Amino acid sequence: MSVSSSSSTYMIYRLQIDKEHASLGEIAAAIERAGGDIVGIDVISSGRSSTVRDITVNVSDQAHSDRIGETLGRLEGVQVIHVSDRTFLVHLGGKIEVTSKIPVKNRDDLSRVYTPGVAKICTAIAEQPNKAYSLTIKRNTIAVVSDGTAVLGLGDIGPMAAMPVMEGKAMLFKEFAGVDAFPICLDTKDPDEIVSIVKAMAPAFGGINLEDISSPRCFEIEERLKRELDIPVFHDDQHGTAVVLLAGLLNALKITGKSMADIKIVVNGIGAAGIACSKMLLAAGARNLIGVDRSGALHRDAHYDNKHWTEFANMTNPHGETGSLSDVIRQADVFIGVSAPNILTVDDVRSMAKDPIVFAMANPVPEIDPEVAKPYVRVMATGRSDKPNQINNVLCFPGIFRGALDCRASEINEAMKLAAAQAIASVVTDEELSETYIIPSVFNMKVVEKVKEAVVEAAYRTGVARKAWREPSV
Ligand SMILES: NC(=O)c1ccc[n+]([C@@H]2O[C@H](COP(=O)([O-])OP(=O)(O)OC[C@H]3O[C@@H](n4cnc5c(N)ncnc54)[C@H](O)[C@@H]3O)[C@@H](O)[C@H]2O)c1
Ligand SMILES: O=C(O)C[C@H](O)C(=O)O
Ligand SMILES: [Mg+2]
């Protein structure tokens, strides 16, 4: 039996194996019988009577891992020393660190990078603040700021628990676009306090990436920071997601031969991502878009305490459809999920129009398991990196900030976002386009390059770039 569940994970079993009483063959057979897939075997130490080995096994979940551990513990001559989760191992001590660019080996070095030499640099910046861009980390550094209230689809898990995601985002900024990023998780949910903290720390940064802040607070926080700061402020869950979604949908529609203006789109989860994705699709020509949240379809005859929902209802659902997700998804061409795990059923998908497009983007568990949906959909995408068609904001935020920093943009505007979406979509050529390849891989080096170029061009075109234009050298 092989492990196919979308929640599968790798566990490492460290075993002491008594050479006389146990063999690797027996151990492998026991693991296979218990349903685990062995993906690696390493010798840690080898003695005359026993060896210590790490056996890496793909398991479906924690309970499955426990069962395999118990099975191994019952084998004669085998002692389970410990069991570790490979995902936990890569997080030990955190995922990023600060390194210096210049060695500090002697007093001379010290006196230049630190006092007294550093003082004249400080004075130069005090006299001409713009010099912070050439003489400090500002020009290449982003703050990734969260309050831990909407972490992936895990919800309000607090600032400490949000850190692994923010460290991960910082890592991706660096890996994919060479942007230095600091994860900053704030122990407050108060919008006034978040705005004032971010404003106070802004001098060190060339841009602010807001992350995993729940709606509707995220809208006010972002709007105020955009107004009050002169560096780009970008709520990734809104705009990064919307940019990548539009890129994916433009390409998926080429496959089904339908046009944005004619299709019925259902967006499930009218929070940060849902509202931004919907606005972007409307700007791209969508007309029949219906938003659904926990209480069903949003429509203009209802009264909402949340003013963003009132605004949303007024610009969507032109035919005033009401009811649950299952009611409004009938005859829809496109489902976009930015809500919660496993809320879309096979029957819902089967009630959609011909050639359904399903983007189940909730993380880490999508609205429907892609394996379950596959037989009934034409194009399927999720936010996960272990499945085809990954619609995830990681395709956008490194490149869009690379471009914004390079031209020293004062903001990331609509034109820059649209340019980024078109650039991502364009990486997949017409020859390459297929049901399982509507969106490029994040590892495709062309993505960041094309997004950066398109964003820089749009920033100069719309007058928000502040760096003197230099013709590219030939
Ligand atoms: N793939 C990506 O790139 C990407 C990007 C951003 C967000 N997301 C995912 O989208 C989800 C929402 O993120 P967000 O930042 O917008 O959060 P949010 O808290 O701002 O919004 C979530 C919304 O979903 C609604 N919701 C929750 N359960 C629901 C259900 N069963 N039916 C209908 N609506 C439901 C909530 O009421 C809320 O309005 C998360 O799972 C997140 O991981 C994915
Ligand atoms: O973090 C991700 O993988 C995407 C997105 O920002 C999310 O909150 O789910
Ligand atoms: Mg997020």
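1. Asp 212 is buried, with 27 other C-beta atoms within 10 Å. (A residue is buried if 20 or more other C-beta atoms lie within 10 Å of its own, exposed if 12 or fewer, and partly exposed in between; C-beta atoms are placed from the backbone.) Asp 212 sits in the loop between β7 and α9. Helices (H or I, at least four residues) and strands (E, at least two) are DSSP runs, numbered from the N terminus.

2. A word on the model. This is a predicted model, in which local features need pLDDT of at least 70 and side-chain atom pairs count only at pLDDT 80 or more, while totals for chains, interfaces and linings use all residues. Residues are numbered from 1 along each chain as its sequence is written, and chains are lettered from A and ligands numbered from 1 in the order in which they are written.

3. What does Asp 212 touch, leaving aside its neighbours within four places in sequence? Its contacts are Ser 146, Gly 148, Ala 150, Val 151, Ala 162, Val 165 and Asp 237. Two residues are in contact if their C-beta atoms, placed from the backbone, lie within 7 Å.

4. Glu 211 is also placed in the loop between β7 (207–210) and α9. Glu 211 counts as buried, with 28 C-beta neighbours inside 10 Å. Not counting residues up to four places away in sequence, Glu 211 touches Val 144, Val 145, Ser 146, Met 166, Lys 169, Asp 236 and Asp 237.

5. Asp 237 belongs to helix α10. Asp 237 is buried too, with 24 C-beta neighbours inside 10 Å. Beyond four places in sequence, Asp 237 is in contact with Glu 211, Asp 212, Ala 272 and Ala 273. Asp 237 and Leu 210 are 27 residues apart in sequence, and their C-alpha atoms are 8.0 Å apart in space.

6. UniProt, in an unreviewed entry, annotates Glu 211, Asp 212 and Asp 237 as "binding site". The three are spread over 27 residues of sequence, yet they cluster in space, with a largest C-alpha distance of 6.5 Å. A caution on the record: UniProt positions are given in the numbering used here, feature names are shortened, and annotations may be inferred rather than shown by experiment.

7. Asn 363 is in the loop between β13 (357–360) and α15 (370–373). Asn 363 is partly exposed, with 17 other C-beta atoms within 10 Å. Asn 392 lies in the loop between β14 (379–382) and α16. Asn 392 is buried, with 22 other C-beta atoms within 10 Å.

8. Now the contacts of this pair, leaving aside residues within four places in sequence. Asn 363 meets Leu 152, Gly 153 and Gly 383. Asn 392 touches Val 244 and Gly 383.

9. Helix α10 (residues 236–256) packs on helix α17 (residues 414–427) at an angle of about 45°, with axes 8 Å apart. That makes α10 oblique to α17. Axes are lines fitted to C-alpha atoms, for helices over the stretch in contact, and angles run from 0 to 180 degrees between N-to-C directions. Angles under 35 degrees count as roughly parallel, over 145 as roughly antiparallel, 65 to 115 as roughly perpendicular and the rest as oblique.

10. Residues of α10 that meet α17 include His 239, Val 243, Val 244 and Leu 246. On the α17 side, Lys 417, Ala 420 and Ile 424 are among them. By class, this contact of α10 with α17 has nine nonpolar, two polar and one charged residues. Ala, Val, Leu, Ile, Met, Phe, Trp, Tyr, Cys and Pro count as nonpolar, Asp, Glu, Lys and Arg as charged, and the others, Gly among them, as polar.

11. Helix α7 (residues 159–177) and helix α16 (residues 397–406) pack at about 70°, with their axes 9 Å apart. The two are therefore roughly perpendicular to each other. Leu 172, Phe 173, Phe 176 and Ala 177 in α7 meet Pro 398, Gly 399, Phe 401 and Arg 402 in α16. The contact of α7 with α16 has six nonpolar, one polar and one charged residues.
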